[in-house]
Structure formats: C-alpha cells, structure tokens
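Work through the exercises below with the sequence and the 3D view at hand. Try each task before reading its solution.

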Amino acid sequence: MNAITNTHIVVIGNGMVGYKFCEKLLARKKSDQQITLTVFGEEPRVAYDRVHLSEYFAGKTADDLTLASADWYADNGIRLFLSDPVVDIDRDEKLVRSHHGHIVHYDYLIMATGSGAFVPSIPGVEKDGVFVYRTIEDLELIQSYARKARKGAVLGGGLLGLEAAKALLDLGLEEAHVVEFASRLMPRQIDDAGSRILQSQLESLGLQIHLAKSTQEIVGGDCIEGMQFNDNTLLDVDMLVISAGIRPRDELAKIAGLETHPRGGIVVNNQLQTSDPNIFAIGECALAHYMIYGLIAPGYEMAEVVATLLLGGEKEFLPYDMSTKLKLIGTDVASFGDPFIEEPACKTIRYENKAKGIYKRINVSPDGKTLLGGILVGDAEQYNMLLQTCKSKTILPPDSEDLILGSRGGEEAGAGVMGFPDDALICSCEAVTKGMICHEVSEKGNHTMDALRKSCKAGTGCGGCVPMVKDIISGVMKQNGIYVRNVVCEHFDYSRQELLDLVKMNGAKTYGAVLDEFGKGDGCEVCKPLVASLLASLWNENILQKDRATIQDSNDRYLANIQKGGTYSVVPRIPGGEITPEKLIIIGQVAQQYNLYTKITGGQRIDLFGAHLNDLPDIWEQLIDAGFESGHAYGKSLRTVKSCVGSTWCRFGVQDSVTFAIEVEDRYKGLRSPHKLKSAVSGCVRECAEAQSKDFGIIATEKGWNLYVCGNGGSKPQHAQLLATDADKETCLKLIDRFLMFYIKTADPLTRTATWLNKMEGGMSYLKAVVVDDVLGIAAELESDMQKLIDVYQCEWKEVVQNPELRKRFSHFVNAPVKDPSIAFETMRDQKRAKEWA
C-alpha cells in the first residue's frame, strides 16, 4: 500500500483498540503526511481501560481508568464525537452518518466496534436485577442495585465471569455464586486439575461454585428471585450478572454489505481489510484467521498492522498466540502454547500442591528438547520465561522439571532471558521485542524501566513483562561493560551492600545519622525499613529507641503482627519446641485472661491471636515473668528452630536433636536479616523436623551433623543444599555463623536465602568456597561479627515492659488510653476470631 497524504481517516469505535490505532498512527506518521482523524464513540466517555474494569469496585475511578483525556484528542487534532454511534455507511460515496446526523467523508474507514456481552435467551432474562458486565455504565448500575441485594450470582465461569465474581465480592454481598455450564472453570484456558485448584482457592475466599449447570429460567416477579436449573435445583439469588462470553459488534458491517461470518465477526484478510479494500476492521469485531481474538494484545497488534500499512509500510496480521497471564481474585492463572496437548504427542510434567493452591503443568516434546505449552495456577512468576522458551523453541535443560520447580543447583534453568532471539516478543501488549529493548538500552541509553516506558511503551499494558524487561536492561548493560548498580532508592545512591559497609565503617546507629551522612531528602517507605534492618543487623540495639521506631515496618513498630480485624498476635519463643508444663499453664492462663485465640503452629510454638494493642505490654509482662522471650514472629529475623525428639526419646535417633536445636535457637534469636530465617534439627535421616526445607537445617549422622543451607517452603518450595558433612557441633555452629553473616552482608532486601543462592554467580560451589574453604579470607571477620550480635542480644519485649516511655507507644489513642472500639469478634469452634474488616 502506498503511503497516504492529505487523507481523511474515520475510526468507528473509541474503545482500547480504536484509541491505540490513533496513538500508533500519530506516533509513526511523518511531518509531510497530512492526516485528518475523526473518531466516533458510542459511549459518553473517552477510551478507558476495560482490562482492569473490576478495579472500579476496588476504589479506582473512571478517571483512573481513562487512557487519554479529551485534551489529548484535541491537542492531536482528532475530531471526537462521543455518545454518537455511526448508524450508516455509504461505501460508494465514502460517507458515514452518525446517530446525531453528522455526515463525514472518509478515504479509509477503521471499524473498531468491539464486542457486546452475549446474553443467552433464557426466560426471565429481562427482569430487574439482571445485568451484563461490559462498560463503566454497567458497573454503575450493578453498584447501585447491589446496595439492596443480599445474594448475587454470575452466569459464566470463564475469564469475564470470574472478573464479575470479584466485583460481587468487592460489593460485599452476603453470598456470591458462580454458575458455569461446563464441568470446570475457565475451560478454554486450563485443564481439570488446574481448575480444581482454582476452584478451591476461590471457594476459600467465599465464592460458591456451581459447575455443569444449565439455567432453565430466571424466576421471580418484576425482579429476579432465583435461578431454576435443568436438574430441577433452584438457586436463591436476588441479583444476577451475565458474563457468558462476547459477541462481535458486526451489525453496522452487515448493514453496509460487508462480508461477515454466520457466527459473527467482520471477515478480514491478513492486512485486516474487509471485503471493501478501503475499510479495515480491528479488535474484537474482526474475524481474522477464522477466529475472534478476545484479548487486548492481539487487538493492539491489529492496530499496529493497519497504522503501518496506511503509512506505507509492510506488515500483516499473522495467527496470534493466545497465551495469557491473569490474576483472578488474587490467584495467578496462566496458560501458554498448547496447554491441552496430551501424550504420546508430548511428555507432560505436573506439579500440584493443594495445601498452597499451586498447580503447574508443562508439555515437553517427546524428545525432551522443546517446550510445547503449559498451565500455571496459583504461582505464575515463571510465565514470561516459559512463554519465550516455548515461542523461541529454546533447547531445554536436561532436567525439564527445573522449568517449574526451579534449579536445585544454584544456577538458572536454561540460558535465561538474554538467551532469547532478538525477535522474541517480551511485551505482548505493545508488541515490544527483546531486540527493540536491547536497542533502547544500548543505543539510546535508556537504562531504567521508566525510561523504557516512555521510549517504547514496554511494560505500560498489563505489566506482566516488567521483571523480564528489567533483566534485559541489566543483561545489556553488563554486556556493554556498564556497572549495574542496584541502588536503594532516590534518597540513597548506594546498593544495600554498599550502604551496610558505610554504616559499619562510620559507626552510624540512627536513621538520622545514616540519612545525613550518606543520603539526601527525607527518606521514603523503601529506604526506611531497609536502613532499620541494616542497623539491627549491625548493632542489634533496641529497634524502638532513638529515632528507629518510626522507620520500622508496621509489625516491627509494635513488636507484633497486625492481624485481620485490627488485632495483634502474641508469639513467645519456644526453642526447639520444648516447653515445661508450668510454662504451658502460664500460656493458658494468659489466653484465658485476655480471651485470646490459641493455635499450635508448624514451627512448634503457640500463637495467641486477638490481642488489643493496649494489652500487649501487660500480656508480655506476665509471659516474661514466667521466663518467655519474644518469638520475633513479626521481624525479618530468626523465627524458629524446629526439632524432632531425637535420641532423647526416639529409638531411631542417633543424636540429641532437641538439645542442639535449643542451642542453635538461643544463639541466633533476634538476629535481623534481609528476610525471615527458619531452621530445623533432625535427629536422623528420617528427617521428621523437615530440616531440608529451611534456610539452614541440620541432620544428625552417626559421626556428627550434616549442614544444609538455602532451602525454603512457601509458594516456591526449594530443597536446601548440602554445605558440610559429619561436622561436630562446634564446627557446625562456626559454619552457620559464617553463612548467616555472609547472607546478611550480601543479600538484597527481602530476599530469602534460596533466592539469594539462585542469583549468586557460581552458586553452591562459590558459597562453599567462601563459607567452608574461606577463599576470601573473611571467615574470622564473619565469626567475630556474629559473636558481637550474640553478646548484645536483649529481648525487645522485656525492654518495653521495663521502660515506661516505650510502653506509651502501645496505645491507639494518646489522650485516652482505651481499647479500639471498632474491633469486634465472633465465635469459631469455641474460640473467638476477629470479624472481617468492612
């Protein structure tokens, strides 16, 4: 197609894709290309973000969702007609006529009419209280009606249906139901096993799921009162949101005589031209490659194709990959490539953790060399890497399961993002490839995420590509010999490691001193907790004294974890899980006196929940008098050292694991670090204390102790790796001293030991060389630094209890030291629990 000049382009539809076409056309046109743009929109407002529409109920306003203001259209010379849909197209004269009678000539016409909600022909669908879920106006109607409704349902368990279900939860209805015709949720994206995990997660949030249900009738008078199903069951609801799919808006194309498909959609070729070469169709109204693309990324690609063609370029719309990553009511869901291919056409590897709500499936080629597709539910952090590995046909590592389980050898599985080809699509929303990002970083000097957002719009869509984009930035800078500095924030031009060394060398012990000496400005919510952690890791002084209290995270500030409903938890330390009957009685008496919910934890201690802020010092005073100490459940510090009963009682035990666990916990209690630390000691290889799932774990042998490091449970479990074998107690503790101090000195903020090791160049081999072989010559320093922290340890709660000034901090109202009257409780299994926050 020849480049256009002095051309009038009319766009019918002002949704996300119509807006994106205008944006891309204006960004690419040359100064000598005179283009007049006219846009007709059916809705009364400018283009807005439909992808995040459900966030309207979570507090976002219509302005927050707006893609561009009305001034943007005016500033770019675009004539915009809102609330004025086009009703007729005269293809012979190349004219469009709008609802309000505007007649406009076009040289090229872009149809971006989108789609409408598919409403099944169910008797009673016209009743009051039945809504669709497509526009902000729909949401306003739903929000208004929900004020008088108690029980709501969503018809449709696909992507749109679950988004609508989130809206019902946000609106606070007493009951929220999802009704799906198929036998599983999201049948087009995930398999049966993934759907079961997703269903379990959604049910835990209060949604009631009804599968394999065919709605026969919507019952009631003028207003909905229930849903009658074909299996003769009735669901009592007084509000229904229909989100059963979309239907292309092709009615105007039919009137104009353009070719449409019998099942809906304007038929287009690879250049997105309709049966009239001067008319293009893009977005959800277009049928390309016999398919309606119901995602925003292919719609944006269509806008790019047409804008390029009209400006004289060469481009076509190829079959688009429908891989997608979503967060549905807090649960990650992703699928990529061919998620449903079955053996023998592939080898399938599955990982399922029902307790954590995680399901992962990858389909590998029969020869084990390439990734064909997969499904992720509950944890989709690996999605971008897996997607690019699949699309680029990257050769897989020998152990394909590493792709979803993580490498167990301290090195990343595969070559990483820098191993992808230049044409690998990194940001699908804006069609930004790896090569484009590399060019921006290397040739144009855009070394930050903000700079890239402005220059090529990478990461401005759904945001799912941001971690990968950052890795490419770092990779390109390293290739170019540019030192990559991971600075703390705008107030400190140092990395965490650099700042720790500076603070130590200069003996700074308050936030003010650190900021005055090494920073600028007043600090922020990023650097304040980070500096608080550094000061605690270096000097181990009381975190609430001097100016340190105000820079703590909220949990550290009150030496307790704030819980749902506004109450706090009390967690005394129980080293090794060993406790006397007398101490058990004290805990019971305290729980009775303050009416606290009690639970024995997986870390072998007792948590007390539901404490008022004002009561915390009094509760701890009684516990400290009985010999308890702070359990540091609130801090980025050592939590517990779990143990089995070992040789003390167990006939299989080969060493006294309880005694050693208590020694270890008493040695490292209160130790502040970049992230929380967990440990365990097992008395034999049967591993009842689960030491290999901890940050550092110890397992007894006939000759001594095996030391494992850098494991963790959680959403991404990883086994610890063997650091030393058959060590005696003294050697084992010495190695732990070195390991922990090396971690504290070099890890990034909020990085668990497992992640720290995974990112460490040289992996486990390097860590052994530093900690065991002392190749850096710092072992004595690490041991000395640890001993200094051990020597100055003080129980934080004991200091608070004995210090009247510190006790004053634990009050909701300074002038009236009464308990927070907004806190309310309810009964659950003969104990109390806090009521949900409104």
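**Exercise 1. Overall size**

What radius of gyration would a compact globule with 838 residues have, and what does the chain have?

Solution. This is a predicted model, in which local features need pLDDT of at least 70, side-chain atom pairs count only at pLDDT 80 or more, and totals for chains, interfaces and linings use all residues. Residues are numbered from 1 along each chain as its sequence is written, and side-chain values use heavy atoms, leaving out hydrogens and water.
- Step 1. The globule rule is 2.2 Å times the number of residues to the power 0.38, with the radius taken over C-alpha atoms.
- Step 2. For 838 residues a compact globule would come near 28 Å; the chain has 31 Å, which agrees.
- Step 3. The C-alpha trace spans about 90 × 70 × 60 Å along its principal axes.
- Step 4. Count the elements: 27 helices and 38 strands. Both are DSSP runs numbered from the N terminus (helices H or I, at least four residues; strands E, at least two).

**Exercise 2. Two helix pairs**

Solution. Two packed helices are described by the angle between their axes and the distance between the axes. Axes are lines fitted to C-alpha atoms, for helices over the stretch in contact; angles run from 0 to 180 degrees between N-to-C directions.
- Step 1. In H18, Ile 586, Ile 587, Val 590 and Gln 593 meet Ile 619, Gln 622 and Leu 623 of H19. This contact of H18 with H19 holds five nonpolar, two polar and no charged residues. Contact means heavy atoms within 4.5 Å. Ala, Val, Leu, Ile, Met, Phe, Trp, Tyr, Cys and Pro count as nonpolar, Asp, Glu, Lys and Arg as charged, and the others, Gly among them, as polar.
- Step 2. Leu 499, Leu 502, Val 503 and Asn 506 of H14 meet Val 514, Glu 517 and Phe 518 of H15. The residues of that contact divide into five nonpolar, one polar and one charged.

**Exercise 3. A parallel sheet**

In what order do the five strands of the open parallel sheet lie?

Solution. 
- Step 1. The order is S9-S16-S10-S11-S12. Two strands pair if DSSP finds at least two bridges between them.
- Step 2. S9 (130-132) and S12 (207-210) are the edge strands, each pairing on one side only. From one strand to the next, the twist averages 20°.
- Step 3. Four bridges join S10 (residues 151-155) to S16 (residues 239-242). Leu 155 stands opposite Ile 242 in S16.
- Step 4. Helix H4 (residues 136-146) packs on the sheet and touches S9 and S16. The direction of H4 makes about 150° with that of S9.

**Exercise 4. Backbone exceptions**

Where does Pro 344 lie, and where does Met 186 lie?

Solution. Most residues other than glycine have a negative phi, and most peptide bonds are trans.
- Step 1. Pro 344 lies in the loop between S23 (331-337) and S24 (347-353). The peptide bond from Glu 343 to Pro 344 is cis, with omega near 10°.
- Step 2. Met 186 lies in the loop between S11 (175-179) and H6 (192-204). The phi of Met 186 is positive, near 45°.
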